[in-house]
Amino acid sequence: MFKSLIDEIDSVITRDPAARSRLEVVFAYPGFHAVQIHRFSHWLWNHGFCFVSRLFSHIGRWLTGVEIHPGAQIGKRLFIDHGMSVVIGETSEIGDDVTLYHSVTLGGTSNGEGKRHPTLEDGVIVGSGAQILGPVTVGGGARIGSNAVVLKDVPGGVTMVGVPARIVAAREESKADTFCAYGAPSVNLPDPAIGAIDGLHGQLNALAERVAKLEAQLDAEVEAEKKTAVKRKMAGE
Ligand SMILES: CC(C)(COP(=O)(O)OP(=O)(O)OC[C@H]1O[C@@H](n2cnc3c(N)ncnc32)[C@H](O)[C@@H]1OP(=O)(O)O)[C@@H](O)C(=O)NCCC(=O)NCCS
């Protein structure tokens with residue numbers, strides 16, 4: 001249990017560039033507090049103490065601004081950055097290593113019995129203000145842009161933005177499990193404009209070399225013609 005707690009704290013440090021120490025995470029991360037309170041209220045819920053578990057989850061909401069229904073199933077190392085205004089409904093299921101930014105809703109769209117809330121598979125990143133509504137499944141490693149509204153299943157590894165959310169990019173399989181803070185992989189990628197300029201520079205150098213060779217060839221031919229003309233003159237032709 002202690003190992004998984006340390007694991008959870010370290011995963012926050014890995015995913016938040018602003019986190020400086022374990023101590024800071026333990027004392028100053030409302031998202032971390034919300035998840036720990038949920039783990040306890042979920043245990044109470046599963047053992048039939050429904051009212052007490054609701055009470056604990058309400059205290060958690062009051063302290064952190066994050067509302068997680070005690071029935072929600074949450075995997076390892078869920079990171080809720082900033083907390084505040086996150087809502088996770090009763091029948092939500094969240095895999096391992098999922099990241100939620102502030103004001104995310106995993107909400108229902110019906111009053112019926114059974115599954116009403118989303119399922120987020122491992123490694124999903126959900127941007128601030130995004131709403132994922134209904135019993136939809138967001139595939140592993142998918143990224144949901146801030147303020148997107150997701151109403152349908154999302155394939156793994158893709159990026160969805162807009163209202164209603166649409167796919168704007170798909171990541172290579174091997175990169176889908178790599179975490180990118182704020183869901184932005186471009187942060188550490190080479191600038192494509194610099195790549196294009198480097199390419200043009202190479203072409204320019206090759207052309208300059210070719211022109212220099214042609215000029216030398218032309219000079220040699222002109223010189224040879226001059227010599228031939230002088231010889232002809234001397235020969236009296
Ligand atoms: C969706 C997201 C993951 C995409 O990141 P990315 O892969 O670097 O994608 P890009 O920035 O290259 O954008 C791709 C396209 O989607 C659009 N786009 C990106 N984010 C968008 C958003 N939230 N809503 C609408 N359109 C968005 C871009 O304008 C671009 O469109 P274009 O191709 O027509 O120019 C990122 O923009 C995002 O929203 N991350 C969440 C960040 C967050 O919540 N931070 C809060 C921290 S507190």
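Helices, as counted here, are DSSP runs of H or I with at least four residues, and they are numbered from the N terminus. In this predicted model, two such helices, H1 and H3 (30-46), each supply at least two residues of the lining of the second largest pocket.

That pocket has a volume of about 260 Å³, and its lining consists of Met1, Lys3, Ser4, Leu5, Asp7, Glu8, Gln36, Arg39, Gly75, Lys76 and Arg77. The greatest contribution to the lining comes from H1, which gives five residues. The lining of the second largest pocket divides by class as follows.

| Class | Residues in the lining |
|---|---|
| Nonpolar | two residues |
| Polar | three residues |

One of the lining residues, Glu8, belongs to helix H1, which spans residues 2-15. Because buried means under 20% relative accessible area, Glu8, at 6% relative accessibility, counts as buried. Beyond its neighbours within four places in sequence, Glu8 is in contact with Phe32, Val35, Gln36, Arg39, Lys76, Arg77 and Leu78.

The model also holds an open sheet of six strands, which follow the order S3-S6-S9-S12-S14-S15 with mixed pairing. Strand S3 (79-80) and strand S15 (166-170) stand at the edges, and each has a single partner strand, so one side of each is left without a neighbour in the sheet. Within the sheet, strand S9 (residues 125-126) and strand S12 (residues 143-144) run parallel and are joined by two bridges, and Ile125 stands opposite Arg143 in S12.

Terms used: Residues are numbered from 1 along each chain as its sequence is written. This is a predicted model: local features need pLDDT of at least 70, side-chain atom pairs count only at pLDDT 80 or more; totals for chains, interfaces and linings use all residues. Side-chain values use heavy atoms; hydrogens and water are left out. Buried means under 20% relative accessible area, exposed over 50%, partly exposed in between (1.4 Å probe, protein chains only). Contact means heavy atoms within 4.5 Å. On a 1 Å grid over the protein atoms alone, a cavity is a set of points where a 1.4 Å probe fits but cannot get out, and a pocket is an open set with protein on both sides within 12 Å along at least five of seven lines; lining residues have an atom within 4 Å of a point. Grid points are joined across faces, edges and corners, and a volume is the space filled by probe spheres set on the points. Ala, Val, Leu, Ile, Met, Phe, Trp, Tyr, Cys and Pro count as nonpolar, Asp, Glu, Lys and Arg as charged, and the others, Gly among them, as polar. Two strands pair if DSSP finds at least two bridges between them.
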